[in-house]
Amino acid sequence: MSGEQHGVVFPVVDGRRSTSTTGRAVVAEALRPVDPVGAAAAARETSWRTGYLTHFRRLVEAGLTSYADARTIAESGLAAVHEQLRWRADDGEEHPLVAAVAGAPGGPTELLDTVALAGGAEPDTALTVPYRGRRLAGDDLRRQLDAWVEAGVVEPGLREVVGTVLENPGWLRLEGRTVVVLGAAAEMGPLRSLLRWGASVAAVDLPRPELWRRLLEDTRGLSGRLLVPARAGRGDLAHRAGIDVLHDLPDATAWVTGLPDRLVLGSYVYADGATHVRVSAAVDALCEAVRAQRSDTALSFLATPTDVFAVPAEAVEAATAAYASRRTSRLLRVPLRTVSGGRLLRRNYVPGEDPGINDSVVLQQGPNYLLAKRIQRWRATAARASGATVSLTVAPPTRTRSVLRNRALAAAYSGAHRFGVEVFEPGTANTLMAAVLVHDLMARRPAQDHPWQDEAYAAAHGGLWRCAYDPRSALGLAALLGVASPR
């Protein structure tokens with residue numbers, strides 16, 4: 001197999017590395033202990049790239065019966081990921097994924113220095129959030145949180161969480177903690193906000209000089225302490241900085257494990273296609289290896305709003321009321337549904353569901369994207385059940401560069417406001433999510449009875465959970481309206 005990949009790889013099946021075969025196997029194994037019928041259906045799926053959604057939805061539905069079932073699905077899914085994905089060393093030998101974090105034979109041995117950059121500015125002493133050309137603080141921010149809750153853009157828990165941080169500005173520095181931002185250059189990551197507040201942040205991203213040049217310039221002069229992994233030697237830091245977790249997982253794990261203070265591991269990595277699964281599995285292996293040596297390590301994740309979630313009865317009631325009250329759309333609803341064969345403008349939920357199931361999956365993102373994000377949700381559930389501090393928040397739909405590269409999704413986001421969905425700018429979204437992280441580390445969230453409630457609390461779904469229509473049934477119309485009148 002010429003041009004073979006190294007590092008974390010999919011297994012070879014029938015002479016090739018099949019992402020579909022692996023995805024199908026992981027989902028089937030996750031379901032098997034709780035829902036053997038669903039597991040068999042996933043294992044028999046002959047067209048994974050088009051038929052995956054039913055099985056990812058079943059992963060949520062099958063876990064609703066009890067906390068134990070949801071935890072079992074999460075732990076079984078993670079075990080399947082670690083069993084299926086492999087570590088391919090530089091000598092071509094393949095090993096179980098766990099071997100990478102234990103130092104796989106033939107793996108990289110390059111040692112990394114830690115370069116500490118201390119900011120010279122005074123830290124921000126109050127939480128402010130950029131929004132539509134202003135920086136909202138204090139009562140202005142509280143009023144905006146009220147407005148988002150009233151409009152159904154976020155769940156009420158977000159108002160409580162951010163409000164608590166407003167009342168405790170001393171939390172922003174996260175004294176005694178080092179936040180490891182895996183995917184430091186990600187637009188949705190908290191790196192810049194945390195440094196502005198005076199926190200200690202370890203930045204992990206690819207060893208690409210242009211990436212580090214931008215990142216170092218963007219954070220220059222902020223008040224916090226930035227820790228950078230760099231190859232030993234002299235010269236321009238941008239050329240020495242960075243580490244590729246996907247290919248240099250042993251070195252990355254060793255470097256992170258040796259960082260000072262109590263650790264917070266934040267996963268904000270993203271890649272296109274199958275690489276997203278590979279890097280998410282690599283990060284998961286790193287997190288587990290670090291936690292095995294440093295048990296007080298906390299974890300942080302952002303869930304995508306374009307996924308399948310169980311949602312509270314209040315969201316179902318709000319969507320049902322919105323469906324009944326949209327007088328203008330009622331005139332168009334019947335003919336549009338007739339012409340489309342029932343695909344357009346469907347109800348978001350069956351009235352009275354408790355909990356409801358929100359399916360906001362964007363099919364163009366594909367099964368690899370959903371599996372990569374599900375790994376994070378599973379790890380959050382499993383780690384929280386074992387007693388770890390975990391911050392997982394549903395982040396709002398946001399106009400990031402990766403979204404805008406997808407022309408269909410960018411157009412849909414431009415027209416989404418016509419269906420009660422607010423799409424956020426990156427600066428607003430990442431600052432809010434950084435504030436939620438601070439809260440979860442300093443105060444912890446209220447204990448919930450079930451993992452789906454942990455995910456739903458403080459969710460910033462942009463309105464996808466409470467809008468009148470099933471999001472995918474309105475997406476095409478939103479895209480047409482977005483192209484006609486871009487925002």
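Student: How many helices and strands does the secondary structure of the protein come to?

Tutor: This is a predicted model, in which local features need pLDDT of at least 70, side-chain atom pairs count only at pLDDT 80 or more, and totals for chains, interfaces and linings use all residues. Residues are numbered from 1 along each chain as its sequence is written, and side-chain values use heavy atoms, with hydrogens and water left out. Helices (H or I, at least four residues) and strands (E, at least two) are DSSP runs, numbered from the N terminus. The protein has 20 helices and 16 strands.

Student: What percentage of the 487 residues in the protein is buried?

Tutor: Buried means under 20% relative accessible area, with a 1.4 Å probe and protein chains only. Such residues account for 58% of the 487.

Student: How is the packing of two helices described?

Tutor: The angle between the axes and the distance between the axes describe two packed helices. Axes are lines fitted to C-alpha atoms over the stretch in contact, and angles run from 0 to 180 degrees between N-to-C directions. Here, the axes of α7 (residues 156-167) and α18 (residues 426-442) come within 9 Å and cross at roughly 75°. This makes α7 roughly perpendicular to α18 (65 to 115 degrees).

Student: Which residues make the contact of α7 and α18?

Tutor: Contact means heavy atoms within 4.5 Å. From α7 come L158, V161, V162, T164 and V165, and from α18 come L432, M433, A435, V436 and H439.

Definitions and conventions
Angles under 35 degrees count as roughly parallel, over 145 as roughly antiparallel, 65 to 115 as roughly perpendicular and the rest as oblique. Buried means under 20% relative accessible area, exposed over 50%, partly exposed in between (1.4 Å probe, protein chains only).
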